[in-house]
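I opened my notebook to jot down what I looked up today. Here are my entries, in the order I made them.

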Amino acid sequence: MKVSALFALCLVPASTTLVVGKVQPRGTSFRVQDSNQFPFDLEGNAGETNGIDLEATTSWAPATWVHPGVFVSKPQLDFVKAQLTISAEPWTSAFQAMKSHSLASLSRYPTPFTYVECGSTSQNPGNGCHEEREDAIAAYSHALLYYFTNDTTYAEKSRSYMNAWANTIIDHTYSNAPLQTGWSAASWARSGELLRFAYAGWPSSEITKFKTMLKNVYLPKVLYGDDRTGNWDLGRSCFVGLTPFYVMNEASIGISVFLEDKTSYDTAMNIFKGRVPAYIYITSDGGQPKAAPGSPQDHSDNWDDLTSFWYGQTTFNTNGIAQETCRDFIHTGYGLASISHVMETSWIQGTNLYTTELGTRLRHGLGFHSGYQLGATEPSWLCPDTSLTRNMEAITEVGFNAFYWRQGILMSNTQILTLQNRPAGTNLLFVAWETLTHAQNNATALAPTA
């Protein structure tokens, strides 16, 4: 079976010189990350739980919601604002990149659709697909611009995008509808959460209309995920991997925070904790990867079914291989991005998943794929039916910040790739401006792990 590698983990060749001291957080005690040898033993032990029993925990919603609390928090935003005040880098360059982007133009206007019709690859048909995704990112961009400048012109622009869609959209249709819904909703939830708690000029009646849109149009399509692929559910992105699940899951959790819907939040988080182990392999899983609870793979003893789902990967001996590694790195990156985004929101809401086994899988995934993205030689056992497609986008900033700047875990490969990609822009799907919001940002960090 010929497949391309989307969520592959990357390694740096043994000859590569790593320079980590230049961005070392002052006063932080570091643990060893990866050895720069192949295969790596990437940062941390797989059994860390920080007191969280993943198996037993089914109630995840906080007793008191934190707002703004989808992907970015007030302390994080205030940290960035302070850096911009003194023209510090990399935040100033990242801010200028966002401000000069066409999505942040004040002369750009929303283009809402009643029915967003997205077939395969958002074509045949492709009515309203890129318009919706980009309008949602535009709303988020203007909400950030307002927060950092106090210019209400940007707040009103963000408001106009959200109002336009809340007053128009009825449904998403055709085969790519779940993924499209997840992509757009992930950005809508961030936009609405930030503007509602930063700008008093958004009337309650309009906020209610926006809530109704998220609750009735978006949440039903994304909440329970999709068993087709990993990045769809975690972000709801594609038919052949878990990536779509992750963006859908990310969208569900963001919407749940905005709505303060504890039932939906718990549902989405319980799905998340079962799907991440099925997306990123670690050696403690044994000779084959785990299957997501309730998925087709969970009910099959057929090895061919499992390896087909993993795009022909048959050898499982190294931490960090992902379900879509042998598909291509771009889709794998989408999955890793949404996993990071969910963990970031969970951390803001009071549950630090970065220090659990789920976090261990994420940092192995980031390190493994970052190394290969940087050019590590592909071993013969990895993706035997195809060559790696090393096209991962700039998706490492959030995870790198959490592990390196908060927890003091050295991540040499991920660090090199993160710095190379700065300032991270937007992929026009659901990832946007993450150098600006998360670079070296430990504003509400937990104490470093010894």
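I started with a network of salt bridges that links Glu156, Arg159 and Glu206. I kept in mind that this is a predicted model. Glu156 is partly exposed at 32% relative accessible area, while Arg159 counts as buried at 16%.

Next I searched the whole structure and got twelve salt bridges. One of them joins Asp285 and Arg361 at 2.7 Å, N to O. Asp285 is in the loop between H9 and H10 and Arg361 is in H12, so this pair ties together parts that are 76 residues apart in sequence. Arg361 is buried, with a relative accessible area of 0%, and Asp285 is buried too, at 15%.

I also noted Arg422 with Glu397, 2.6 Å, N to O. They are 25 residues apart, with Arg422 in the loop between H14 and H15 and Glu397 in H13.

**A buried threonine**

Is Thr396 buried or exposed? I found 2% relative accessibility, so Thr396 counts as buried, the cut-off being under 20%. Thr396 lies in the loop between H12 and H13. Beyond its neighbours within four places in sequence, its contacts include Leu366, Ser370 and Thr414.

**Two helices**

Last, I checked H6 and H8: their axes come within 10 Å and cross at roughly 150°. They are therefore roughly antiparallel to each other. The contact of H6 with H8 has eleven nonpolar, one polar and three charged residues.

Conventions:
Residues numbered from 1 in each chain as written. Predicted model: local features only at pLDDT ≥ 70, side-chain atom pairs only at ≥ 80, totals over all residues. Heavy atoms only, no water. Axes fitted to C-alpha atoms, helices over the stretch in contact; angles between N-to-C directions. Helix = DSSP H or I, 4+ residues; strand = E, 2+ residues; numbered from the N terminus. Parallel < 35°, antiparallel > 145°, perpendicular 65-115°, else oblique. Nonpolar A, V, L, I, M, F, W, Y, C, P; charged D, E, K, R; others polar. Buried < 20%, exposed > 50% of the residue type's maximum accessible area, 1.4 Å probe, protein only. Contact = heavy atoms within 4.5 Å. Salt bridge = Lys/Arg side-chain N within 4 Å of Asp/Glu carboxyl O.
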